[in-house]
Amino acid sequence: MAKKPVILGTLEEIIFETPRVSTFIVKLPAEADFSFISGQFAMLSLPDFLNDKGRPVRRAYSIASSPHDLVGKTVSFTITRKGEGGYFSNRIHEARVGDSVSVEGPYGSAFVLDRQDSRPHLFIAAGSGIAPLRSMIRTLLAEGSPPPIELLYGFRNEDDFIYARELKGYQSNRPRFSLLTAHSRPAEGWDGLAGRIPEVLPALYGSYKGQVVYICGHPEMVTQTVEWLRSVGFPEEAVRKEQW
Ligand SMILES: Cc1cc2nc3c(=O)[nH]c(=O)nc-3n(C[C@H](O)[C@H](O)[C@H](O)COP(=O)(O)OP(=O)(O)OC[C@H]3O[C@@H](n4cnc5c(N)ncnc54)[C@H](O)[C@@H]3O)c2cc1C
């Protein structure tokens, strides 16, 4: 991939989404020339976090905000702290508001929102795989007449629900948006969908109803989800995926 310019931004806000996940809102300089399509990612680095060759450690992160949010010159990234061994993700969780963050991109052309596609949109995410889908959903909802949007989102239990307030808000206020959450380790009293995404799919999607599907999560979830959808007749062209 051809290298893109590196833009030095400033951490404007850090939102603690769950015990392991935060959203980092980066303010770009007023003169920065940055645009992207929902679904794309950027390479992030911290100017003072260098590898043994003296170069900044870089990692890929999906852009979690919408291009509409660029009005305020901000881009957001939602990052899971990997814990033991997670070199960059642990380090960025130690960053503070006001710290410098370098944003290089955007990259990626295969997993991008097609705004001309008027079919019902089905989004399927697990964990922080919600990040690029949140960008797509924000983009669709910011526009005049969005297509019907359904989000199936899997995580362990309510403590791990990233963007809970925003997504529940859409569920109550936006008639064309519907939300289904699946808990893989449900707490006592949870009476919604229980199980990992591939386990709940058969009860929900038994045949193709004309949707376009965007899936993002860890490789096993994505592979199994694609396999299920293809087995019940979802055409290959209607199923888009990203995994990490
Ligand atoms: C296109 C794309 C988009 C992405 N978007 C997001 C996003 O929106 N949000 C997000 O959270 N992540 C995203 N990622 C993943 C992200 O790029 C990083 O891979 C992730 O944050 C881990 O980086 P790290 O430096 O913390 O971990 P690394 O240090 O690179 O380690 C990666 C994994 O390997 C393990 N590991 C490291 N060293 C060792 C070792 N010596 N022995 C055994 N195991 C080891 C770690 O525990 C960890 O689980 C995306 C990736 C891609 C490719």
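**Close-up views of a predicted model**

**View 1. Helix 4 against helix 5.** The axes of helix 4 (residues 197-204) and helix 5 (residues 219-231) come within 9 Å of each other and cross at roughly 20°, where axes are lines fitted to C-alpha atoms, for helices over the stretch in contact, and angles run from 0 to 180 degrees between N-to-C directions. Helix 4 is therefore roughly parallel to helix 5, a label given to angles under 35 degrees. Ile197, Pro198, Leu201 and Pro202 of helix 4 meet Met221, Gln224, Thr225 and Trp228 of helix 5, contact being counted when C-beta atoms, placed from the backbone, lie within 7 Å. The model is predicted, so that local features need pLDDT of at least 70 and side-chain atom pairs count only at pLDDT 80 or more, while totals for chains, interfaces and linings use all residues. Residues are numbered from 1 along each chain as its sequence is written.

View 2. Four bridges join strand 3 (residues 41-45) to strand 4, and Leu44 has Arg59 of strand 4 as its bridge partner.

**View 3. The shell around the ligand.** The ligand is surrounded by 19 residues, the closest being Gly85, Gly86, Tyr87, Phe88 and Ser89, with a residue counted if its C-beta atom, placed from the backbone, lies within 6 Å. Strand 4 (59-62), strand 5 (74-80) and helix 1 (87-92) each give two or more residues to this shell.

Definitions and conventions:
Two strands pair if DSSP finds at least two bridges between them. Angles under 35 degrees count as roughly parallel, over 145 as roughly antiparallel, 65 to 115 as roughly perpendicular and the rest as oblique. Two residues are in contact if their C-beta atoms, placed from the backbone, lie within 7 Å.
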